[in-house]
Amino acid sequence: MELINVEDARQAARRRLPRIFFDYIDGGAFGEATLRANRADFDRWRLVQRVLVNPASRDLATTYLGSRHPLPFMLGPVGFLGLYAGRGEQQATQAAHAAGVPLCLSSFSIASIAELRRETAGPLMFQLYILKDRSFCEELLAEAERAGVDTLFLTVDTAITSVRERDVRNGFRSLTKLSPGLLAQFLARPSWFLDLMRNGAPQVRAVSHKPEFGRGVLAQAAALSSRIDQTLSWQDVAWLRGRWKGRLVIKGILAAADALRARDEGADGIVVSNHGGRQLDCASSTIGVLPEIAAALDGSLEILIDGGFRRGSDIVKALALGASGVLLGRAYAFALAAAGTAGVSRIIEALARETDITLALMGLASVDELRAKGAAVLRPA
Ligand SMILES: Cc1cc2nc3c(=O)[nH]c(=O)nc-3n(C[C@H](O)[C@H](O)[C@H](O)COP(=O)(O)O)c2cc1C
């Protein structure tokens with residue numbers, strides 16, 4: 001089936017993946033109110049149509065995280081990509097770099113940042129979870145430095161892993177080895193299973209040499225989540241700021257006061273994020289809080305955003321409301337599961353085209369013009 005839009009990729013992923021992994025990607029915390037709000041709140045804004053100023057072509061390039069990028073969105077950190085497709089991290093990176101956009105590798109990945117560096121000379125970014133064992137964190141930072149990572153995302157909204165009820169039902173994180181039921185689920189998805197097995201049984205590379213994290217990806221995922229430091233505080237941000245010389249972005253900010261604190265602690269940027277509705281259920285949608293965070297910061301800190309971005313018009317709204325760029329999450333994870341590198345490329349293209357057509361019909365010649373005009377190109381619904 002042709003992937004015309006992100007929902008097509010989601011449906012194709014549903015057909016290709018075992019339920020335990022589809023639900024892990026698709027689901028949110030508890031009653032999934034924030035997951036739904038992330039999507040629904042884009043409808044609070046309408047776009048202003050302008051006519052007869054038709055620019056011959058549009059320029060989607062813009063500047064975020066210190067560089068000019070051809071598209072105003074990048075691939076954000078999504079854990080365990082290598083479970084959704086064989087060599088998933090490498091495939092997503094290939095698609096991102098073919099389009100000239102960065103990818104941020106999650107700490108919870110099947111491939112390491114060093115392995116990605118062997119694949120590409122393009123920009124690599126890394127997302128860090130701080131575990132109780134700080135020496136592990138040091139190892140990850142050193143590896144990121146060796147791989148030439150210039151931007152580190154510190155995720156701060158997961159001190160406690162929330163409850164995703166679909167995962168509880170499916171046994172994700174409680175199953176530490178393959179049960180007969182799970183094996184049956186896997187065998188019922190033969191093309192996915194063979195693709196994965198061709199690349200050997202997946203392991204979380206960052207801990208595969210550490211027996212205390214268990215054997216096999218399910219055990220390692222459970223062990224990693226249980227070791228995230230639940231006492232993480234602004235002191236740790238200060239420590240990391242001293243330790244990491246590159247660009248530091250704090251991911252998981254939803255309150256203006258926290259955005260100001262991130263700036264004062266020396267962060268180079270924030271990601272307005274509620275972890276895709278996977279953490280604090282009933283937290284605000286990200287597009288809902290973006291205006292107040294942008295107003296509080298008033299240009300003093302770079303703002304990126306993620307959460308529910310499925311359409312070019314969503315991206316246009318966020319850029320108008322003060323974001324410099326958007327991180328995709330599920331949109332590309334589904335595409336990867338559906339069709340590997342080609343799937344991710346297809347969805348990047350589709351979102352680029354939607355963004356381009358949206359700008360054209362708004363009479364805007366470029367993303368930079370959109371960002372300069374800001375909220376003047378929107379109307380409350
Ligand atoms: C399956 C999955 C795994 C994720 N793993 C991570 C992770 O390891 N680190 C992280 O900072 N965020 C992680 N996130 C959150 C994403 O970076 C991002 O905030 C979220 O997916 C954005 O919402 P969207 O998927 O609706 O676009 C994950 C999200 C999903 C869906």
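I began with the aromatic pairs and found that the structure holds 14 of them, where rings of Phe, Tyr and Trp (its six-membered ring) pair if their centres lie within 6.5 Å, and planes under 30 degrees apart count as stacked, over 60 as edge-to-face and the rest as tilted. I looked up Phe-42 and Phe-309, an edge-to-face pair with 4.9 Å centre to centre and 70 degrees between the planes. Phe-42 lies in the loop between α3 (33-40) and β1 (45-47) and Phe-309 in the loop between β10 (302-305) and α15 (312-320), so this pair ties together parts that are 267 residues apart in sequence.

I note that this is a predicted model, in which local features need pLDDT of at least 70 and side-chain atom pairs count only at pLDDT 80 or more, while totals for chains, interfaces and linings use all residues. Residues are numbered from 1 along each chain as its sequence is written, and side-chain values use heavy atoms, with hydrogens and water left out.

Next I turned to the ligand, which 21 residues surround (a heavy atom within 4 Å); the closest are Pro-77, Ser-106, Thr-155, Asp-306 and Arg-330.

I then looked up polar contacts (N or O atoms within 3.5 Å). A polar backbone atom of Arg-330 is 2.8 Å from an oxygen atom of the ligand, a backbone N or O atom of Gly-79 lies 2.9 Å from a ligand nitrogen atom, and a polar side-chain atom of Ser-273 lies 3.3 Å from a ligand oxygen atom.

Conventions. A polar contact is a pair of N or O atoms within 3.5 Å; within protein, one must be able to donate a hydrogen and the other to accept it, and residues adjacent in sequence count only if both atoms are side-chain atoms. Helices (H or I, at least four residues) and strands (E, at least two) are DSSP runs, numbered from the N terminus.
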